[in-house]
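Hi everyone, thanks for coming. Have the sequence and the 3D view open while I talk, and stop me whenever you get lost.

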Amino acid sequence: MSGNVELLNTSLAQAKAEDRAALIAYLPAGFPTVDGAIEAVKAVVAGGADIVEVGLPHSDPVLDGPVIQTADDIALRGGVKIADVMRTVREAYEATGVPILVMTYWNPIDRYGVERFTAELAEAGGAGCILPDLPVQESALWREHADKHGLATVFVVAPSSKDERLATITAAGSGFVYAASLMGVTGTRESVGDQAQDLVRRTRSTTDLPVCVGLGVSNARQAAEVAGFADGVIVGSAFVKAMLDAPDEATGLAAVRSLAGELAEGVRKR
């Protein structure tokens, strides 16, 4: 079975045709439970998310700030496995019909087996993977199997990336480019900053791929700001925090659906 890279491409193109940025939501698998995470994906899509990233919880997340680290710890202590991540992708995709990507560090895939991981992700209806710590020069094996199974390979670029490096990264990627708005870990910020706009401009000069911005966006005002210069707005920590702060799962699901609605409105006010 082929993965859903074309659905991802179509969703991003549809948002562009509507003269807006796509809203991309991140939620970790297994948090607060496996079933709860699947319901959370359904909630953000019901609220207006166009695309969802499902995080594969990791014990040593180098990119993730304290909010996502807390959620990952809860998921790992709950015994979440890669099979649960695949189940989350499958059930979320079947329920929503939107592109579902997995965001993961490289080590779990390497240990699981690249061919096995890509085949199972495609079979589950996944659209691809975001791989923040896989160097492009070491990605040939992954890209070979991802291409074979119809999966996007999304690489992360940062404000520190030189123009030559940007060109190398974007030439190897597919689906979209994940532009980290600032140096540092994930988390909500008061301001997304000018670095993000400059990074998007420099990245676009190297590729026709959509450029989507993450790290720091937590409200409709920031979403509108980023949507003014990016093809997609990625929000993670704000959704996870809404779930963490809720007294129970039902309240948390209502909170993430409401937040998705506010952010979806924001990306349309670019």
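**Charged pairs, core and helix packing**

Let's start with lysine 241, which forms a salt bridge with aspartate 245, and the closest N and O atoms are 2.7 Å apart. By salt bridge I mean a side-chain nitrogen of Lys or Arg within 4 Å of a carboxyl oxygen of Asp or Glu. Before I go on, a word on what you're looking at: this is a predicted model, where local features need pLDDT of at least 70 and side-chain atom pairs count only at pLDDT 80 or more, while totals for chains, interfaces and linings use all residues. Residues are numbered from 1 along each chain as its sequence is written, and side-chain values use heavy atoms, with hydrogens and water left out.

Back to our pair. Lysine 241 and aspartate 245 are separated by about one helical turn, because they sit four residues apart in helix α11 (residues 237–245). The general idea is that an α-helix has 3.6 residues a turn, so residues three or four places apart point the same way. When I say helix or strand, I mean a DSSP run, H or I of at least four residues for helices and E of at least two for strands, numbered from the N terminus.

Are these two buried or exposed? Lysine 241 is partly exposed, with a relative accessible area of 38%, and aspartate 245 counts as exposed at 54%. The cut-offs: buried is under 20% relative accessible area, exposed is over 50%, and partly exposed is in between, using a 1.4 Å probe and protein chains only.

Other residues of α11 are buried: Ser237, Ala238, Phe239, Val240, Ala242 and Met243. What do those buried residues pack against? Their partners are β1 (22–28), α2, α3, β9 (232–235) and α12. Contact here means heavy atoms within 4.5 Å.

The structure holds 15 salt bridges. One of them joins the side chains of lysine 148 and glutamate 115, at 3.2 Å from N to O. That pair links distant parts of the chain: lysine 148 belongs to helix α7 (residues 140–148) and glutamate 115 to helix α6 (residues 114–123), 33 residues apart. Lysine 148 counts as exposed at 53% relative accessibility, while glutamate 115 is partly exposed at 32%.

Another bridge runs between lysine 269 and glutamate 265, with the closest N and O atoms 3.3 Å apart. Lysine 269 is exposed at 57%, and glutamate 265 is partly exposed at 46%. There's also a network of salt bridges, linking Asp163, Asp198, Arg201 and Arg202.

Okay, inside we go. How many residues are in the largest nonpolar core? It has 94, and those with the most contacts inside it are Val44, Phe117, Trp142, Phe176, Tyr178, Val233 and Phe239. Seven of the core residues come from helix α12 (residues 249–267), the largest share. A nonpolar core is a set of buried Ala, Val, Leu, Ile, Met, Phe, Trp, Tyr and Cys residues joined through side-chain atoms within 4.5 Å. Click on phenylalanine 176: leaving out residues up to four places away in sequence, it touches a list that includes Leu8, Ile24, Glu53, Val154 and Pro210.

Next, two helices. The axes of α2 (residues 34–47) and α4 (residues 82–96) come within 9 Å and cross at roughly 35°. The axes are lines fitted to C-alpha atoms, for helices over the stretch in contact, and angles run from 0 to 180 degrees between N-to-C directions. On the α2 side, the contact includes Val34, Ile38 and Val45, and on the α4 side it includes Arg87, Glu91 and Ala95.

Last, some loops. Phenylalanine 31 and proline 32 are joined by a cis peptide bond, with omega about 0°, and proline 32 is in the loop between β1 and α2. Aspartate 19, in the loop between α1 (5–17) and β1, has a phi near 60°, a positive value in a residue other than glycine. Aspartate 19 is exposed, at 58%.

Finally, find proline 247 in the loop between α11 and α12. It is exposed, with a relative accessible area of 71%. How far is its C-alpha atom from that of glutamate 18? They are separated by 37 Å, and along the chain they are 229 residues apart. That's me done, so over to you.
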